[in-house]
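Here are a few exercises to work through with the model open beside you. Try each one before reading its solution.

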Amino acid sequence: MFESESEKGNTMPADLTARNIRTIDQFLDLIAKAIFASGLSWSVVEGTWPATREAFRKFSAAHVAAMSDDDLEALRDFDGVISNPSKLAAVRGAAQVLLERRAEHRSIGSWLTSLENFDRRQSALREMNFIGPFGAYYVLSVAGYDVPEYQIWRQQYSSVMRAG
């Protein structure tokens, strides 16, 4: 389903088609996928996604944000879920951030729109654990926000990384 390109261990799915992402739970699903894909191939994450979505109760942000450490530990035993405890906790943290932003801005869409441009949106998403530049690009692209053309962005990003 996904092809991937590799650059310094980062991968990106070939399918960045914008979808109708409007609810906080849909945003959390996208962000969680980017969290789990950090350091892994997208095809591995895609293969685990039905079980992961079930384990996280379809990414109900309220439910995920309220999960205890014991709840997260129990997910490690859920068949088919990537059991990295830091990534499981990062998904909970992302749910908490999304709920805070929705409370401040009335919706996740309003929050992201208030950030005005790709660079500011990407920076805001990258404040979440395990969301790097590729993950933020993925989330914004699939959520339907204006993003630079991928190949151009990738070249610019690669140039910055080599210079840094």
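## Exercise 1: a loop residue

V147 sits in the loop between α8 and α9 (150–163). Keep in mind that this is a predicted model. Work out how exposed V147 is and which residues it touches beyond its sequence neighbours.

**Solution.** Start with the surface: V147 has a relative accessible area of 25%. Buried would need under 20% and exposed over 50%, so V147 counts as partly exposed. Next, skip the neighbours within four places in sequence; V147 is then in contact with F118, Y137, L140 and S141. Finally, check the C-alpha atoms of V147 and N117: they are 8.6 Å apart, although 30 residues separate the two along the chain.

## Exercise 2: two helices crossing

Find how the axes of α1 (24–37) and α8 (133–142) are arranged, and at what angle they cross.

**Solution.** First take the axes: those of α1 and α8 come within 9 Å and cross at roughly 155°. Angles over 145 degrees count as roughly antiparallel, so that is the label for α1 and α8. The contact uses L30, I31, K33 and A34 from α1, and G135, Y138, V139 and V142 from α8. As for handedness, the α1 and α8 crossing is right-handed.

## Exercise 3: following α5 from end to end

Go along α5 (residues 85–105) and compare its reach with the expected one. What caps its N-terminal end, and which helices do its buried residues pack against?

**Solution.** Begin at the cap: a side-chain oxygen of N84 lies 2.8 Å from the backbone nitrogen of S86, capping the N-terminal end of α5. Now the length: α5 has 21 residues and spans 30 Å from first C-alpha to last, close to the 30 Å expected. Its buried residues are K87, L88, A90, V91, R92, A94, A95, L98 and R101. These pack against α1, α3, α4 (69–75) and α6 (108–114). Just past the end of α5, R106 has a positive phi of about 80°.

Methods
Residues numbered from 1 in each chain as written. Predicted model: local features only at pLDDT ≥ 70, side-chain atom pairs only at ≥ 80, totals over all residues. Heavy atoms only, no water. Helix = DSSP H or I, 4+ residues; strand = E, 2+ residues; numbered from the N terminus. Expected span 1.5 Å × (residues − 1). Buried < 20%, exposed > 50% of the residue type's maximum accessible area, 1.4 Å probe, protein only. Contact = heavy atoms within 4.5 Å. Polar contact = N/O pair within 3.5 Å; in protein donor to acceptor, adjacent residues only side chain to side chain. Axes fitted to C-alpha atoms, helices over the stretch in contact; angles between N-to-C directions. Parallel < 35°, antiparallel > 145°, perpendicular 65-115°, else oblique. Left-handed = near helix turned anticlockwise from the far one by under 90°.
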